[in-house]
Amino acid sequence: MKKHNFYAGPSILPKKVIKETAKALKNFAGTGLSLASISHRSKEFDDVIVKTQELFKELLEIPEGYSVLFLGGGASMQFAMVPYNLMKTKAAYINTGTWSTKAVKEAKLFGEVHEIKADDFFHLPKNINVPKDVDYVHITTNNTIYGTEFKEDFDFGVPLVADMSSDIFSRKIDVSKYDIIYGGAQKNLAPSGVTFVIIKNDILGKVDRKIPTMLNYQTHIDKGSMFNTPPVIPIYAAYQTLLWMKKKGGVEAMNKRAVKKADLLYNEIDRNPLFKGTVAKEDRSLMNICFVMNDEYKEHEQEFLAFATEKGMIGIKGHRSVGGFRASTYNSLPLKSVKALVKVMQQFEKKVLK
Ligand SMILES: *Cc1c(COP(=O)(O)O)cnc(C)c1O
């Protein structure tokens, strides 16, 4: 049976990416050697990492003066690297959920944190006021777990750092407004193992503390992400995903697809008497669509999950901290998977309300 992959991360990748990566695992760039066993300093891999950086710059229209890095450690490592490299005394954090809460925890090891929050994580904070005396402000653009998303580029008048793990390449952004953009690649880009960092070069060098070599962004800028061995296989897969995106029309086309898929699913959630959305409508994410069963049908939740799974819907169980359901509709998820999920919701409606 056809499987529809709604996992939140690691998550679906284009078929073509899996195919090309599998091919390279057998014979990489005509070398007769596997991608898994070539030197990261070989001419052939150097070519891949350079082209991947170039595609980042091209697809996101990254201006001059920025570097694109590929590191290990996940987005979670960035929670510490950001304050290590940028915080003198104080930073502001817009806390919109589980991931930003973890970022706040690390930042507090380095100085004072001014936290900005809504009453709960089902809403985004509005009319955000960032104090002018902070070294930077940190934002999580898409809240993967609760399903909220900021869809605008802010200008708070202080350096801006964004965790874009789960919505990078899904909408056009004005990179010049950001000083650092980072994310784990396993949501919209590649298998797990590589973290991308887009960094404005002149934001560095302002703190007095000593920074361990591997945690210092400057090390990785100076060495072109080759100070130590970078995650070769995930970088290759990311390269293939970027080629796929470019061929499909780039970020603008990805956004159109995302809006179409999200509209389709949110419309069904709003129409179907069995279900309801969990977050404020104006804050709804285009990438992680969260919903529960209406109170009078709550006892059917397990039954729906089993019903949907049996019909090939994989990974729609909500995060353990929220419950209900979550369908992740990342760039490479085809529209037909969302159509299939909507159909299953309608079939279940008929079954319950017969
Ligand atoms: C998944 C995720 C993370 C954590 O990423 P790791 O690579 O597992 O450390 C951080 N922030 C956001 C917004 C995420 O979606």
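Visitor: How far is an oxygen atom of the ligand from an N or O atom in the side chain of Ser76?
Guide: That distance is 2.6 Å, which falls under polar contacts, meaning a pair of N or O atoms within 3.5 Å. This is a predicted model, in which local features need pLDDT of at least 70 and side-chain atom pairs count only at pLDDT 80 or more, while totals for chains, interfaces and linings use all residues. Residues are numbered from 1 along each chain as its sequence is written, and side-chain values use heavy atoms, with hydrogens and water left out.

Visitor: And what about Thr144?
Guide: An N or O atom in the side chain of Thr144 lies 2.4 Å from a ligand oxygen, and a polar backbone atom of Ala75 is 3.0 Å from an oxygen atom of the ligand.

Visitor: How much of the ligand does the protein cover?
Guide: The protein covers 88% of the 390 Å² of accessible area that the ligand has on its own (Shrake-Rupley method, 1.4 Å probe).

Visitor: Switching topic, which domains is the protein divided into?
Guide: Domain 1 comprises 4–10 + 251–353 and domain 2 comprises 15–248, with bounds from an automatic or database domain assignment. Their centres, taken over C-alpha atoms, are 27 Å apart.

Visitor: How many residues does each put into the contact?
Guide: Domain 1 gives 28 residues and domain 2 gives 29, where contact means heavy atoms within 4.5 Å.

Technical notes
A polar contact is a pair of N or O atoms within 3.5 Å; within protein, one must be able to donate a hydrogen and the other to accept it, and residues adjacent in sequence count only if both atoms are side-chain atoms.
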